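Let's take a walk through this one together.

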Amino acid sequence: MTATNGTAGGEAAEARARHEVPRADTVAAVVRQWRAVHPELDTRPMEIIGRINRCAALLQQAEDAPLRRAGLSRPEFDLLGALRRTGHELTPGELARETFSSGAAVTKRLKQLTERGLVERRGDARDRRVAHVRLTAAGRDLVDGILPEQLAYETAVLSVLATEGQGELATLLAELLGRLEGRMGALRA
């Protein structure tokens, strides 16, 4: 037995070491149910993928408070952020790649953001089919004003995890994401 017995953190660590499902979340209940129906199946992938999906859904449902107060959705902020962090004009296609969005979604968001005076489009001198998008001064000021508040909000959301746990989670997610980004084409085939 470890010195952390009796604490929630100690119990969770021991459960992880034994590959047991902790009892603290909805995914744990789902996994226990599947194990009862199919005890021969390894449900560990479900414990990870299910939790990633559940966390993403909860974060999306909560909506980012600073963004909501500014009248922005997360996808709109991501588009404005891509323009701000790259520091130059981007085409709608480049914005789609930067924000992991479809071309149609980017077009719709650009229309809304243009109407709000946060971005502006200009045609390409050589190819009229190509548009270049940039932040207006109002768009730049909005992003720069919201970003510190948004980061503080995200810090508060993650504060339920110890700093070391946040670092470990970031490292593991980066490893998973890097491998998925490199292999998704092969997995879809």
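**Starting from the core**

Find Leu 95 and look at its surroundings: leaving aside residues up to four places away in sequence, Leu 95 touches Leu 79, Ala 82, Leu 83, Leu 90, Val 106, Leu 110 and Val 133. Contact here means heavy atoms within 4.5 Å. Before going on, keep in mind that this is a predicted model, where local features need pLDDT of at least 70, side-chain atom pairs count only at pLDDT 80 or more, and totals for chains, interfaces and linings use all residues. Residues are numbered from 1 along each chain as its sequence is written, and side-chain values use heavy atoms, with hydrogens and water left out.

Leu 95 also shows up in the largest nonpolar core, which has 19 residues; Leu 72, Leu 80, Leu 83, Leu 95 and Val 119 are the ones that touch the most other members. (A nonpolar core is a set of buried Ala, Val, Leu, Ile, Met, Phe, Trp, Tyr and Cys residues joined through side-chain atoms within 4.5 Å; buried means under 20% relative accessible area, exposed over 50%, and partly exposed in between, with a 1.4 Å probe and protein chains only.) At least two residues of this core come from each of helix H5 (74-86), helix H6 (92-99), H7, strand S2 (131-135) and H8. H5 gives the most, with 5 residues. Helices (H or I, at least four residues) and strands (E, at least two) are DSSP runs, numbered from the N terminus.

Gly 103 lies in helix H7 (residues 103-115) and is partly exposed, at 43% relative accessible area. Gly 93 is 10 residues from Gly 103 in sequence, and their C-alpha atoms are 6.4 Å apart. Over in helix H8 (residues 137-158) sits Asp 144, also partly exposed, at 37%. Its C-alpha is separated by 8.6 Å from that of Arg 84, 60 residues apart along the chain.

Now move to H2 (residues 26-37). Which of its residues are buried? They are Val 27, Ala 28 and Val 31. An α-helix has 3.6 residues a turn, so residues three or four places apart point the same way. What covers the buried residues of H2 includes helix H3 (44-62), while the face turned away from them carries the exposed Gln 33, Ala 36 and Val 37. At the start of H2, a side-chain oxygen of Asp 25 comes to within 3.0 Å of the backbone nitrogen of Val 27.

How values were computed: Polar contact = N/O pair within 3.5 Å; in protein donor to acceptor, adjacent residues only side chain to side chain.
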